[in-house]
Amino acid sequence: MKRRALLKLLGLFSVVRGYNIAMVCVAQYLASIFVLSKQPWREVLADTHLLMLVIAGALAIAGGYIINGFYDKDKDLINKPTQTMINHLVSQNTKLTLYFLLNFLSVIVASYVSFRAVIFFSGYIFTMWLYSHRIKKLLLWGNLTSASLAIIPFFAIFVYYRNFETVIFAHAILIFLLMLTKEFIKDLQNIKGDLTHNYATIPVVYGESFAKKLITLNVLLCFMPIYWLLHSFPIFKLTYFLYFTMLYLLFFVAFLWKSQTQPQYRALHNMLRVILVMGVFSVILVKQINS
């Protein structure tokens, strides 16, 4: 009985991508402490309004993963059979019930902050549903929307602190381009399932070679916000990370053009996840925190 309960818990954690949500929460707090807030770090951690925004975002994202998996269940059985079998430990009825519950709780938690927060997260929840239901099957729009949805929770924090400095948008552009690259790689990785279920992705419509050219172009575009950050803002020790990122991305492109199999595309996908996680923790290099 205990083993079955643990397996269901594992399935639930897999369905809501608990590790991704935890990383988003950590990233929001690190960005608040080291970049966005002018307050001492103890006051940031004690800020209940910030906590509610982070929780509301986490709940909404969890719901988004559930509804996305619900619509993609047949495709994922081809592309990610092992993960799909784990996800199937949780019934579809349970997933849908949890989806509505998480969204309801997200809006309730957001109401603690303000009515504008309620509107913001209600719109975010609706857009994630629309993406899962329709947009993700549209050529290029699916990629652009997915990358945008990944960074939208951070805009709630930007607005909360009313910090609209140009350097923030330079960082946001870089993160968006890296997320978009990850989405393009995911399309290469999932080409079998996308082709079977008529998803209009770049590799399906134009072929793998064209997709690699587009990914290469997108990676080169990443160098623009990096150059902007290096030469226009006092980012202190973050400079070292940005130089490392440029070398990392060049290696990534070289490996991309040698890749032809699903395991190789999965490795490329994981490479981007690594640099994004490193980017989350690199914000501590921006400045010395206030005590």
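The following dialogue goes through a few features of a predicted model.

Me: What should I know before reading this model, and how is pLDDT read here?

Reply: The model is predicted, so local features need pLDDT of at least 70 and side-chain atom pairs count only at pLDDT 80 or more, while totals for chains, interfaces and linings use all residues. Residues are numbered from 1 along each chain as its sequence is written, and side-chain values use heavy atoms, with hydrogens and water left out. pLDDT is the predictor's confidence in each residue, from 0 to 100. Where pLDDT is low, the predicted coordinates should not be read in detail. The protein averages a pLDDT of 88, and 91% of the residues score at least 70.

Me: At what angle do α4 and α9 cross?

Reply: Axes are lines fitted to C-alpha atoms, for helices over the stretch in contact, and angles run from 0 to 180 degrees between N-to-C directions. Angles under 35 degrees count as roughly parallel, over 145 as roughly antiparallel, 65 to 115 as roughly perpendicular and the rest as oblique. The axes of α4 (residues 48–71) and α9 (residues 141–161) come within 10 Å and cross at roughly 160°. The two helices are therefore roughly antiparallel. In their contact (heavy atoms within 4.5 Å), α4 supplies His49, Leu50, Leu53, Val54 and Ile61, and α9 supplies Pro153, Ala156, Ile157, Tyr160 and Tyr161.

Me: How are α2 and α9 oriented?

Reply: The axes of α2 and α9 come within 10 Å and cross at roughly 30°, and the pair is therefore roughly parallel. The contact is made by Val24, Ala27, Gln28, Ser32 and Leu36 of α2 with Pro153, Phe154, Ile157, Phe158 and Tyr161 of α9.

Me: How many salt bridges are there, and which residues does glutamate 165 pair with?

Reply: Side chains of opposite charge can pair when their charged atoms come close. A salt bridge is a side-chain nitrogen of Lys or Arg within 4 Å of a carboxyl oxygen of Asp or Glu. The whole structure has three. In one of them, glutamate 165 meets lysine 38 at 3.5 Å, N to O. Glutamate 165 lies in the loop between α9 and α10 (166–189), and lysine 38 in the loop between α2 (18–36) and α3 (41–45), so the pair ties together parts 127 residues apart in sequence.

How values were computed
Helix = DSSP H or I, 4+ residues; strand = E, 2+ residues; numbered from the N terminus.
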